[in-house]
Amino acid sequence: MSTLNSKIPPGPLAEKWSYYKEHAKLVNPANKRKLEVIVVGTGLAGASAAATLAELGYQVKAFCFQDSPRRAHSIAAQGGINAAKNYKNDGDSVYRLFYDTIKGGDFRAREGNVYRLADVSRNIIDQCVAQGVPFARDYGGLLDNRSFGGAQVSRTFYARGQTGQQLLLGAYGALERQVGLGNVKMYSRHEMLELVKIDGKARGIIAKNLVTGELERHFGHAVLLCTGGYGNVFFLSTNAMGSNVTAAWKAHKQGAYFGNPCYTQIHPTCIPVTGDYQSKLTLMSESLRNDGRVWVPKTKEDAKAIREGKKKPEDIKEEDRDYYLERKYPSFGNLCPRDIASRAAKEACDDGRGIVPSGFGVFLDFGDAIKRLGVEVVKARYGELFPMYQNITNEDPLKTPMKIYPAVHYTMGGLWVDYELMTSIPGCYALGEANFSDHGANRLGASALMQGLADGYFVIPYTIGNYLSSEIFTKSIPTDHPAFAEAENAVKERTQKLLSIKGKRTVDDFHKALGKIMWEYCGMARTAEGLTKARKMIQDLRKEFWSDVNVPGTINEFNPELDKAGRVADFIELGELMVVDALNRNESCGGHFRVEYQDQGEAKRDDENYRYVAAWEFKGVDADPVLHKEDLVYENIQLQVRSYK
Amino acid sequence: MKFNLKVWRQKNAKDQGKLVDYTIDNINADMSFLEMVDVLNDELVRKGEDPIAFDHDCREGICGMCSMYISGRAHGPQHAATTCQLYMRSFKDGDTIYVEPWRAKAFPVIKDLVTDRSAFDRIIAAGGFVSVNTGQAQDANALPVEKADAEKAMDAAACIGCGACVAACPNGAAMLFVSAKISQLALFPQGQPERNTRAINMVNQMDEEGFGNCTNIGACEAECPKEIKLTNIARMNRDYLAASLISE
Amino acid sequence: MTNSAIFKSSVGKKALMGVTGLFLITFLVIHCSINAMIFLNDGGETFKKWGSFMGTNPIIRTMEIVLVAGFLVHIVDGLLLWKQNRDARPVKYAMNSANANSTWYSRSMGLLGTLLLIFLVIHTAHFWIPNRMQQGLTHWHNEIDLYGKMLEVFQNPVIVAIYIFGCVSLFWHLLHGFKSAFQSLGLNHTKYNSAIGWAGTAFSIVVPAIFALMPVSIYLGWIK
Ligand SMILES: Cc1cc2nc3c(=O)[nH]c(=O)nc-3n(C[C@H](O)[C@H](O)[C@H](O)COP(=O)(O)OP(=O)(O)OC[C@H]3O[C@@H](n4cnc5c(N)ncnc54)[C@H](O)[C@@H]3O)c2cc1C
Ligand code: SF4
Ligand code: FES
């Protein structure tokens with residue numbers, strides 16, 4: 001075990017970033033043209049990075065597995081993006097955004113990174129507006145803000161319920177502009193399947209052309225992984241169907257440490273699972289909790305009657321309802337943080353009081369809001385959300401309460417990176433949700449978009465220069481170098497193996513089985529016993545997968561089942577690491593709740609022993625991973641117990 | 001529920017392709033259309049047949065990836081919904097359902113129901129942006145925008161680039177898509193400096209890609225899952241004509 | 001960009017359709033108003049007066065050349081659009097429920113236009129061509145008796161039917177074309193759209209109806 005160097009610059013918190021920028025090495029324009037950068041992923045992080053690096057003069061190659069960079073999963077973010085603009089004059093500041101993010105993350109994030117994030121958040125809004133992102137405005141024509149996720153200030157910028165879409169389209173426009181100018185070469189429908197290392201440094205990737213099945217070798221002086229989160233390890237999540245861990249996992253296997261893999265965010269307001277056929281879960285915006293009241297019946301009998309359709313929610317009298325969030329957390333009530341609201345829903349359902357046939361669902365009731373404000377006001381407030389819910393469930397939330405249940409939404413864990421966003425492999429960077437950096441053990445609403453764009457627009461353009469300045473004498477390495485051949489062969493062998501098994505179970509079968517294990521034992525509540533059991537189950541599942549999976553088709557064609565199989569294989573390996581990490585962390589913090597470590601139902605952190613980032617080193621599929629700790633140093637804030645009672 | 005499906009199967013771009021019949025049973029009315037296809041694919045894989053290839057990703061109506069021409073309509077019979085947001089309750093038990101890919105010269109078929117829509121990316125690359133490098137922006141509130149304009153711009157910006165407009169248009173025209181981007185930027189002060197060149201470059205690229213010409217039929221507007229309006233096309237026409245007739 | 005490049009572009013071509021379309025609409029107004037003089041039932045006196053003014057006035061005769069050019073451009077441009085649009089979808093849908101999203105006549109402007117073209121040939125063969133042939137280049141006042149010719153031609157029920165059919169085609173063509181011209185030229189404004197739509201519908205009904213009434217009235221002997 002070693003300690004990790006996070007390379008946080010010296011000096012007072014507020015000046016660290018300026019200090020860094022002033023001292024980082026630069027690359028002159030003529031040299032930039034000779035340097036090639038590979039950007040994998042074109043979500044907010046990838047698109048903004050690729051565009052900005054190309055603007056600076058680097059030769060960029062960008063990759064995404066969708067048919068267009070515009071379709072990255074960032075497009076689905078609804079709520080908004082935080083920025084410490086203080087346009088509302090309500091007392092916001094860079095420091096406050098920094099503090100809220102650290103506290104929201106349950107004191108498991110780095111001070112230096114988070115402060116930088118809060119600081120550049122303001123530039124992000126300027127940049128996006130200049131690109132023509134249609135943020136909501138007030139009647140004076142100035143930008144509007146709302147309060148989001150229980151924040152005490154209004155610092156969230158939004159574009160209706162489509163903020164992620166609009167931000168991504170802004171970045172996509174910037175990216176396409178560089179494509180048009182010839183500075184970025186875009187590879188859509190390409191999937192990165194291996195990282196190529198030469199002399200210990202990241203020097204390229206093996207990517208598969210998903211249309212033809214061909215494997216391609218690409219060289220880069222540096223490789224940026226902006227490949228998003230791994231929530232799909234749970235099979236059902238609010239992530240897009242294609243979201244995966246493959247790129248990050250390949251880097252991990254090549255030596256990049258994986259940070260805090262067990263930190264997952266489970267969002268409390270999603271549409272419950274209704275059947276086995278279900279392919280994904282849909283998020284209903286958190287803002288619904290502003291007016292909706294969460295409840296289940298007080299008695300199991302009533303709950304059973306509702307599940308069986310013998311009673312309707314209206315039949316349950318006011319005094320027979322348990323508004324459990326209001327009961328448990330009188331001061332925050334329905335607006336308590338995501339992890340807490342999710343866990344409370346699970347408790348109620350585990351208690352046998354769930355109200356959907358599967359048993360896993362609670363009511364989100366707008367009855368009182370409608371009485372108080374009238375149907376029209378409520379309808380206007382949640383404009384697109386109600387019709388969306390009705391379309392999916394065929395029930396009108398204005399007439400009968402919504403049914404919701406928590407679902408996996410975001411992964412705070414990811415590739416370990418230092419202050420420069422470099423992983424433990426020199427020249428390999430991770431940006432956006434793919435890295436572990438800024439959200440600690442729990443992410444605040446509207447902060448992921450901020451982080452993705454901060455990384456891409458404002459951090460990497462500076463930090464990459466510090467590395468590339470020493471690479472200006474490295475000529476492009478021809479891709480017939482043995483390291484490329486070896487990497488390509490490894491991919492080929494693995495693919496052939498997948499195709500040759502011709503077993504009985506489909507890829508989705510395995511994915512669902514993995515999801516069940518993860519959700520059951522590594523979801524909202526975790527125990528040492530359960531995790532130990534889960535690890536064994538996952539190991540067995542992996543063996544079964546490699547002996548009984550049925551992947552149709554061939555390698556030389558458009559073959560989505562094959563692509564899926566590769567991703568599921570990686571998810572299985574990742575799942576085991578998550579379990580190992582969760583087992584190691586003998587405390588409860590943020591999204592990681594260990595049943596053994598609680599104080600009357602509330603998470604109990606152990607700052608003494610676990611105030612560190614767990615960065616795991618890969619040692620082989622069948623070997624135990626090795627833990628490296630990065631101590632979290634708090635020089636500017638006092639650690640506290642999060643309380644929302 | 002039970003359905004008879006007639007699905008377009010085409011091995012690759014060069015293959016002729018044909019409609020193939022499938023029957024599928026035990027379909028739940030609350031399934032989405034894509035989940036129904038998942039179930040069918042699961043059966044096909046188990047039988048050792050090639051599953052149906054189709055594009056999809058977010059499955060919540062925002063990424064624009066899903067794209068099926070269902071029973072003669074782009075994204076199927078439901079108004080203002082993408083294929084992934086179409087539920088089986090929109091069909092009657094026993095229905096025969098046709099499933100075809102988008103059909104347009106500019107969207108060649110890759111496999112089965114998957115088409116190549118990269119023409120849209122090239123149109124955006126021709127001018128669908130504001131030329132501002134990172135770091136060049138002034139304060140976000142330095143340029144106020146009238147709320148009504150901001151709302152109209154947002155209406156246009158809601159386009160998900162799915163291509164249903166092209167698929168539904170009898171002329172295979174892409175004007176709704178192109179005009180949505182031109183309109184969004186034309187409504188903002190930030191978009192003014194490049195307003196003329198943008199309109200000309202994007203229209204020229206659109207023509208180069210082999211899309212058809214608009215004859216104001218309106219099928220695009222009727223089938224657009226995001227309800228993008230024809231007024232955007234008028235605005236584009238105006239901008240393009242003004243740009244090419246007046247500018248030097 | 002050069003102005004000729006505009007008309008090679010998609011937007012330019014449809015603008016050209018719009019401009020020529022609106023121009024032809026103004027022609028319809030004049031043509032229809034003058035011919036409607038026959039309903040005065042004064043033995044064609046008023047009609048002849050206006051008719052011969054139109055046939056002999058040098059300014060009008062010059063405009064006539066522009067009119068013919070307008071027709072030609074509208075037709076050629078239309079055919080070009082039709083061909084390119086057909087090429088834009090090489091493989092047709094096996095199942096297409098187009099009626100669910102658009103009207104049949106908006107989709108059939110090429111067909112309606114072709115019908116109108118055929119009608120135009122028949123119609124000009126009846127009146128305009130014989131007249132101009134007799135006038136030649138120099139004898140402008142040597143016109144044929146158009147009124148008499150009308151009374152004669154419209155005794156044939158087949159011809160009357162053809163004319164009615166032509167007017168019906170014109171109705172559908174205008175019903176889409178009128179509004180469409182404004183849209184193509186970018187003249188679209190939420191405040192005025194309904195007025196344009198209303199005017200378009202009214203125009204498409206009134207003008208073809210008046211035209212159709214002419215052969216019918218003559219055939220039925222209402223006009224002598
Ligand atoms: C439903 C939903 C709502 C959300 N709402 C909010 C919100 O309101 N506010 C907020 O701040 N955050 C929100 N989030 C979180 C936020 O959207 C994401 O964390 C963020 O957008 C991630 O951006 P990214 O650039 O890191 O990755 P992504 O946008 O996921 O992009 C990943 C990219 O990597 C590519 N890729 C992946 N693997 C490979 C591979 N192997 N080879 C090649 N390319 C690959 C993909 O093609 C894609 O381009 C939401 C998330 C969800 C799921
Ligand atoms: S305009 Fe509508 S139909 Fe066309 S691409 Fe955009 S969202 Fe799809
Ligand atoms: S799958 Fe994303 S819009 Fe349908």
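Which domains does the domain assignment of chain A give? The assignment gives domain 1 (267-408) and domain 2 (491-631), with bounds taken from an automatic or database domain assignment. This is a predicted model, in which local features need pLDDT of at least 70, side-chain atom pairs count only at pLDDT 80 or more, and totals for chains, interfaces and linings use all residues. Residues are numbered from 1 along each chain as its sequence is written, chains are lettered from A and ligands numbered from 1 in the order in which they are written, and side-chain values use heavy atoms, with hydrogens and water left out.

**View 1. Chain pairs.** Two pairs of chains touch, and chains A and B make the most contacts. Contact means heavy atoms within 4.5 Å. Chain A and chain C share no contact. Their closest C-alpha atoms are 20 Å apart.

**View 2. The interface of chain B and chain A.** Here 69 residues of chain B contact 69 residues of chain A. The two chains bury about 5800 Å² between them, 51% of it on carbon and sulfur atoms. Buried area is the accessible area (1.4 Å probe) that two parts lose on being put together, summed over both.

View 3. A salt bridge puts a side-chain nitrogen of Lys or Arg within 4 Å of a carboxyl oxygen of Asp or Glu. A:Lys85 pairs in this way with B:Asp139, their closest N and O atoms being 3.0 Å apart. On chain B, helix H1 (33-46), helix H2 (118-125), helix H3 (147-157) and helix H5 (175-186) are among the elements that each supply at least two residues to the side touching chain A. Helices (H or I, at least four residues) and strands (E, at least two) are DSSP runs, numbered from the N terminus. That side of chain B has 33 nonpolar, 17 polar and 19 charged residues. Ala, Val, Leu, Ile, Met, Phe, Trp, Tyr, Cys and Pro count as nonpolar, Asp, Glu, Lys and Arg as charged, and the others, Gly among them, as polar.

**View 4. Domain 1 and domain 2 of chain A.** The C-alpha centres of these domains lie 30 Å apart. Domain 1 gives eleven residues to the contact and domain 2 gives nine. Together they bury about 820 Å², 59% of it on carbon and sulfur atoms. Zero salt bridges are found across this interface. On domain 1, the side touching domain 2 draws two or more residues each from helix H10 (338-353) and strand E15 (402-411) of chain A. H10(A) supplies the largest share, five residues.
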